[in-house]
Amino acid sequence: MLELARAGEWDALIERQSGYLQLADHLRQLDKEAVLDDDGKQCKAALLEAILADDLEIREQLMARRSELGQLMDTSRRQRDLHRSYGKQAASVVDASDKFGPGTP
């Protein structure tokens with residue numbers, strides 16, 4: 001899942017997440033029945049730490065994507081509002097802003 005997030009494969013990530021959740025539920029049931037020795041407990045702790053680290057990075061990737069989508073929505077909203085207000089002239093203003101920065105008229 002982490003590699004999918006790094007690659008920006010958001011649809012595939014969502015599909016994989018549903019399978020991940022099913023596996024996690026199955027593991028929870030198995031964990032209730034399992035009796036581990038000290039090595040098994042250490043291995044389990046190491047795996048959980050790795051899973052949590054991956055989960056944190058996936059969340060960071062998702063937050064960055066959410067921010068990116070928010071910016072795209074804002075740009076689209078501004079473009080729509082300008083077009084409603086000024087018609088064809090608005091498109092040139094938005095294009096200039098995207099190319100040269102938000103301070104460009």
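Me: Which kind of link do the side chains of R80 and D81 meet in?

Reply: A salt bridge, with 3.4 Å from N to O. The general idea: you look for a side-chain nitrogen of Lys or Arg within 4 Å of a carboxyl oxygen of Asp or Glu. Before we go on, this is a predicted model, where local features need pLDDT of at least 70, side-chain atom pairs count only at pLDDT 80 or more, and totals for chains, interfaces and linings use all residues. Residues are numbered from 1 along each chain as its sequence is written, and side-chain values use heavy atoms, with hydrogens and water left out.

Me: Okay, and how many salt bridges does the structure hold?

Reply: It holds 8. Another one joins D25 to R28, and there the closest N and O atoms are 2.4 Å apart.

Me: Where do D25 and R28 sit relative to each other?

Reply: Both belong to helix α2, which covers residues 10–33, and they are 3 residues apart, so about one helical turn separates them. By a helix I mean a DSSP run of H or I with at least four residues, while a strand is a run of E with at least two, and the numbering starts at the N terminus.

Me: How many helices and strands does the protein chain have, then?

Reply: You'll find 4 helices and 0 strands. Go along the sequence and the pattern reads α-α-α-α.

Me: Now burial. What makes up the buried part of the protein chain, as a percentage?

Reply: The general idea is to take the relative accessible area: under 20% is buried, over 50% is exposed, and anything in between is partly exposed (1.4 Å probe, protein chains only). In this chain of 105 residues, 13% are buried.

Me: Which parts of the chain does the R6 and E57 salt bridge link?

Reply: The side chains of R6 and E57 meet at 2.8 Å, N to O. R6 is partly exposed at 44%, and E57 is partly exposed at 24%. There's a network here too, as salt bridges link E3, R6 and E57.

Me: Which residues does R6 touch, if I skip those up to four places away in sequence?

Reply: A contact is a pair with heavy atoms within 4.5 Å. By that rule R6 touches E57 and Q61. R6 and Q61 are 55 residues apart in sequence, yet 6.9 Å apart in space, C-alpha to C-alpha. For the whole chain, take the contacts with a separation of 6 or more: residues 24 or more positions apart account for 38% of them.

Me: Can you give me another pair like that? What separates the C-alpha atoms of D54 and M1?

Reply: They are 8.4 Å apart, and the two residues are 53 residues apart along the chain. D54 is found in helix α3 and is partly exposed at 36%.

Me: And where is the place of L36?

Reply: L36 is in the loop between α2 and α3. Leaving aside neighbours within four places in sequence, L36 is in contact with K41 and K44. Its relative accessibility is 36%, so L36 counts as partly exposed.

Me: Last topic: how do I read a pocket, and which residues lie nearest the centre of the largest pocket?

Reply: Rolling a probe the size of a water molecule over the atoms shows where empty space is left. On a 1 Å grid over the protein atoms alone, a pocket is an open set of points where a 1.4 Å probe fits, with protein on both sides within 12 Å along at least five of seven lines; lining residues have an atom within 4 Å of a point. Here 26 residues line the largest pocket, and Y20, A24, L27, L48 and I51 lie nearest its centre. The largest share of the lining, 12 residues, comes from α2.
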